[in-house]
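Please have the sequence and the structure open side by side.

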Amino acid sequence: MDFKDEERAKRRLLGAWSMKFQFADPPAFLGFLFYRGGDLVSAAAHYELARLVYDRIIALTEEYRSLPEVKMGVRSSAADAMLNLGVAYEKLGKPVQAEASYRRVSELEPGNARAHYNLAVLHWNKDWDKVVSELEAASAAQPGYPDALRYLGPARAARERERGERKRP
């Protein structure tokens, strides 16, 4: 997609959203387009807007006693937007907001391996206990998750090295 196509897509998404502002996909898709274009601030802002709309839709699915499949679909879409919001915040150097976004993904989809993996990445070289815990959670959520399997061994080794260094006087 070239620049003109992306600008046209943004205009159409804004048009669609203006007709039905309770629809969460346009701000989420706009967040993706801004992220792809390198505008992380706008990406995060649009993902935040999507979060607000998804939170309202999730509340409505409870209020209207929607079918479990409907609730699950809405929560899954919201989790995707929150995962992307976390990545945008992480790249903006906002780890607290990134972690909150990833934790929200885990609330929406408790078995989401990517959220656990991204939390492990967020804490890499800072807190090996959290890294190992999150990689183990990712592996438990999705057995065979390749990224978790690739980094779990090195993370455990780093945690043991750090523990060994703490024991030395």
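Contact here means heavy atoms within 4.5 Å. Helices are DSSP runs of H or I of at least four residues, strands are runs of E of at least two, and both are numbered from the N terminus. This is a predicted model, in which local features need pLDDT of at least 70 and side-chain atom pairs count only at pLDDT 80 or more, while totals for chains, interfaces and linings use all residues. Residues are numbered from 1 along each chain as its sequence is written, and side-chain values use heavy atoms, with hydrogens and water left out.

The chain has 8 helices and 0 strands. Its C-alpha atoms fill a box of roughly 65 × 40 × 25 Å along the principal axes. Of the 169 residues, 37% count as buried, that is, under 20% relative accessible area with a 1.4 Å probe, protein chains only. Of the contacts between residues at least 6 apart in sequence, 48% join residues at least 24 apart.

Now α4, residues 68–91. The expected span is 1.5 Å times one less than the number of residues. For the 24 residues of α4 that gives 34 Å, and the end C-alpha atoms are 34 Å apart, so the two agree. Buried residues in α4 include Val-74, Met-82, Leu-85 and Tyr-89. What covers them? Among the covering elements are α2 (25–36), α3 (40–63), α5 (95–108) and α6. After α4 comes Gly-93, with a positive phi near 75°.

Next, the packing of α6. Axes are lines fitted to C-alpha atoms, for helices over the stretch in contact, and angles run from 0 to 180 degrees between N-to-C directions. Under 35 degrees counts as roughly parallel, over 145 as roughly antiparallel, 65 to 115 as roughly perpendicular, and the rest as oblique.

The axes of α4 and α6 cross at roughly 10° and come within 11 Å. These two helices are therefore roughly parallel. On the α4 side, Asp-80, Leu-83, Val-87 and Glu-90 meet α6 residues including Arg-114 and Leu-122.

On to α6 (residues 113–123) and α7 (residues 128–141): they pack at about 165°, with axes 8 Å apart. That pair is therefore roughly antiparallel. Residues of α6 in this contact include His-116, Tyr-117 and Leu-119, and those of α7 include Val-131, Glu-134 and Leu-135. The contact divides into 9 nonpolar, 2 polar and 2 charged residues, where Ala, Val, Leu, Ile, Met, Phe, Trp, Tyr, Cys and Pro count as nonpolar, Asp, Glu, Lys and Arg as charged, and the others, Gly among them, as polar.

Notes: Buried means under 20% relative accessible area, exposed over 50%, partly exposed in between (1.4 Å probe, protein chains only).
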